[in-house]
Amino acid sequence: MELEFRHLRIVCAIADAGSVTKASTVLGLSQPALTHQLQRIEGLLGGRLFVRDRQGAHPTVLGEFVLSRGRALLSTVDNLVGDGPREPARRPDTTLIRFSTTVSPSCTVVLEALQAAFPEARVTMRTETKPRRTLESLATKGRPDLALLGEYPTLPLPRPDGITVATITEIPVFVMLSAAHPLAARDEIELADLAGEKWILRPEREQRCAENLRLACASAGFEPHVAHWLDLEANLDVISRGHGITIARPGTADTDTVAVRPLRGAPILYRDLLAWPQDGIVADAAPDLVTAAAQVSWERMTSVPAHAAWLSSRAGGPGWA
């Protein structure tokens, strides 16, 4: 077997997804088939490319080398295919607008605003969990035309040349805990009172959530114990049974089993951002997209009366209203 470009795309897909299971869904393969392909590629290259554990698949030293060279080769090939001379088309192609987004309550309204601003275009939306890589990709030909992403103000993302990064809103982060937890009876919670808790965070490695949490907790005088790395769906059951707590956005309503409470003094902040190339297709429409996203973000944050009252009493923070 000889190394082919499709093999490099498989390796990159596993690295981007963070696990073989997630990559198999993206590639449209069964997990056993993808595992078999990976083993053949590793045999061809002479070593393991990933170390797999409960948190996913992590590149080895050889894997990092292959990814570095492989991404460069694939980028060159993609540019060759995309930039080569073409015969005149018989009819104009439909304009394609690529929209990358993190998990956010604003993504749907941005999608709808894009479709309204470009009714003749074909708008595609894709979830991306790596904001730093997404920002870098905005400057690359054939990559996203618009990106909705987030950052922590204490750990800001880079601002690449030629890319406009606009703040949609700056959000005070709340905490979600079991409805049976003694602290759930409070209207707001001191971060220091959570010193003995088990924290649950999402497994996205570039969100820098864990690092930001450690900085905030250090200011409150303790080191947080991150016990579990789980997706949101798994979080809720684990939290409701009292096995940990997690961060949450304002506007996330209580249920019979979980409670969402503000942190006194808003010690943890998060920013929703919208970014686009300054010379890109969406540049002229982008300010209206930011306005639409900010409006729906505030509506979602204040959809829970208790959260609305807390936010209104502390209005004045950048982007809170």
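Q: In this predicted model, which residues does serine 24 touch, not counting residues up to four places away in sequence?
A: The model is a predicted one. Serine 24 has its place in helix H2, residues 20-27. Leaving aside residues up to four places away in sequence, the residues touched by serine 24 are Leu29, Ser30, Gln31 and Leu34.

Q: Is serine 24 buried or exposed, and at what relative accessibility?
A: Buried means under 20% relative accessible area. Serine 24 therefore counts as buried, its relative accessibility being 6%.

Q: Which backbone oxygen does the side chain of serine 24 reach, and at what distance?
A: A polar contact requires N or O atoms within 3.5 Å. The side chain of serine 24 reaches the backbone oxygen of threonine 21, and the distance is 2.5 Å.

Q: Within what arc do the buried residues of H2 fall, seen down the axis?
A: The buried residues of H2 are Val20, Ala23 and Ser24. They line one face of the helix, because seen down the axis of H2 they fall within an arc of 105 degrees.

Q: How are H2 and H3 oriented to each other?
A: Two packed helices are described by the angle between their axes and the distance between the axes. For H2 and H3 the angle is about 105 degrees, and the axes are 9 Å apart. The contact is made by Val20, Thr21, Ala23, Ser24 and Leu27 of H2 and by Gln31, Leu34, Thr35 and Leu38 of H3. Angles of 65 to 115 degrees count as roughly perpendicular, and H2 and H3 are therefore roughly perpendicular.

Q: What separates the C-alpha atoms of valine 20 and glycine 56?
A: Valine 20, in helix H2, counts as buried because its relative accessibility is 3%. Not counting residues up to four places away in sequence, valine 20 touches Ile14, Gln31, Leu34, Thr35, Leu38 and Arg52. Valine 20 and glycine 56 are 36 residues apart along the chain, and their C-alpha atoms are separated by 7.5 Å.

Q: How many aromatic pairs does a search of the whole structure find, and how many residues apart are tyrosine 152 and tyrosine 270?
A: The search of the whole structure finds two aromatic pairs. Tyrosine 152 and tyrosine 270 form an edge-to-face pair, 5.2 Å centre to centre with 70 degrees between the planes. Tyrosine 152 is in the loop between strand S5 (146-151) and strand S6 (163-172), and tyrosine 270 is in strand S12 (residues 269-277); the two are 118 residues apart.

Q: What kind of pair do the rings of phenylalanine 174 and tryptophan 310 form?
A: Phenylalanine 174 in strand S7 (residues 174-178) and tryptophan 310 in helix H10 (residues 305-313) are 136 residues apart. Both are buried. Their ring centres are 5.3 Å apart and their planes lie at 85 degrees, so the pair is edge-to-face.

Methods
Residues numbered from 1 in each chain as written. Predicted model: local features only at pLDDT ≥ 70, side-chain atom pairs only at ≥ 80, totals over all residues. Heavy atoms only, no water. Helix = DSSP H or I, 4+ residues; strand = E, 2+ residues; numbered from the N terminus. Buried < 20%, exposed > 50% of the residue type's maximum accessible area, 1.4 Å probe, protein only. Polar contact = N/O pair within 3.5 Å; in protein donor to acceptor, adjacent residues only side chain to side chain. Contact = heavy atoms within 4.5 Å. Phe/Tyr/Trp six-rings, centres within 6.5 Å; stacked < 30°, edge-to-face > 60°. Arc of directions from axis to C-beta. Axes fitted to C-alpha atoms, helices over the stretch in contact; angles between N-to-C directions. Parallel < 35°, antiparallel > 145°, perpendicular 65-115°, else oblique.
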